[in-house]
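Please find below a short note for a colleague who is new to this structure.

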Amino acid sequence: VARQVLVSGRDRHVIAFGCNPEGSSTQDKLLIRFSDQENATDWAATAENTAGDLIVGSGTEIVQAVETRREIVIITDSSVHSMQFIGAPFTFGLTQISAGTTIIGPNAAVALNDAVFWMGRNRFYLYDGQVKALPCTVRDTVFRDFNDTQAEKVFASANTSFGEITWFYPSASSEDNDKY
């Protein structure tokens, strides 16, 4: 059981976010588990492998994880964390980098170059070594005409050719993404 799964590009671990602990089928929305390096089928942590787990220390659930060149940025419903490969014996380190931030849905964040951009509950955010609110001249227009009951449908995309980020979202009168 996992909210999101990705393969870390630098160190080749399969990582499950918001998943069940080893030996259980009950989901822990703040648990991160990772397989042995280069072995997607070995998830049991031993002294001979790099499999293991971490618990995010704040928030109530991991909403999205986004990989950049230097780290994996993990966004919970109320905080942001940096997960970095550190090698044996701990494999990964986890550091909280921001509190009091939000994300609107599981596809609302995207990486561009080595920065992460995401749509929060009432503003847009940027992480480029530090988390900051992204200045946005259309912020009020977007959030005044937004269907909160369909927030999980927000989708972020990056146009790398032009350094642009686009968020597709449902307007107040729609149940599907009809604005960007």
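This is a predicted model: local features need pLDDT of at least 70, side-chain atom pairs count only at pLDDT 80 or more; totals for chains, interfaces and linings use all residues.

1. The residues lining the largest pocket are Phe124, Leu134, Pro135, Cys136, Val138, Val142, Thr166, Trp167, Tyr169 and Tyr180.

2. Sorted by class, its lining has nine nonpolar residues and one polar residue, with no charged residues.

3. The largest nonpolar core has 30 residues, and those touching the most other members are Trp118, Met119, Val154 and Trp167. At least two residues of this core come from each of β5 (62-67), β6 (72-76), β9 (109-112), β10 (115-119), β11 (124-127), α1 (139-144) and β14 (164-168). Strand β10 gives the largest share, five residues. Trp167 is named both in this core and in the lining of the largest pocket.

4. Another core lies apart from the largest one and has 14 residues, including Ile32, Phe34, Leu54 and Met83. In soluble globular proteins, nonpolar side chains tend to be buried together.

5. Is Glu164 buried, partly exposed or exposed? This residue is in strand β14. Its relative accessibility is 40%, so Glu164 counts as partly exposed, since that class runs between 20% and 50%.

6. Leaving out residues up to four places away in sequence, Glu164 touches Leu112, Ser157, Ala158 and Asn159. Between Glu164 and Ile72 there are 21 Å in space, C-alpha to C-alpha, and the two are 92 residues apart in sequence.

Technical notes:
Residues are numbered from 1 along each chain as its sequence is written. Side-chain values use heavy atoms; hydrogens and water are left out. On a 1 Å grid over the protein atoms alone, a cavity is a set of points where a 1.4 Å probe fits but cannot get out, and a pocket is an open set with protein on both sides within 12 Å along at least five of seven lines; lining residues have an atom within 4 Å of a point. Ala, Val, Leu, Ile, Met, Phe, Trp, Tyr, Cys and Pro count as nonpolar, Asp, Glu, Lys and Arg as charged, and the others, Gly among them, as polar. A nonpolar core is a set of buried Ala, Val, Leu, Ile, Met, Phe, Trp, Tyr and Cys residues joined through side-chain atoms within 4.5 Å. Buried means under 20% relative accessible area, exposed over 50%, partly exposed in between (1.4 Å probe, protein chains only). Helices (H or I, at least four residues) and strands (E, at least two) are DSSP runs, numbered from the N terminus. Contact means heavy atoms within 4.5 Å.
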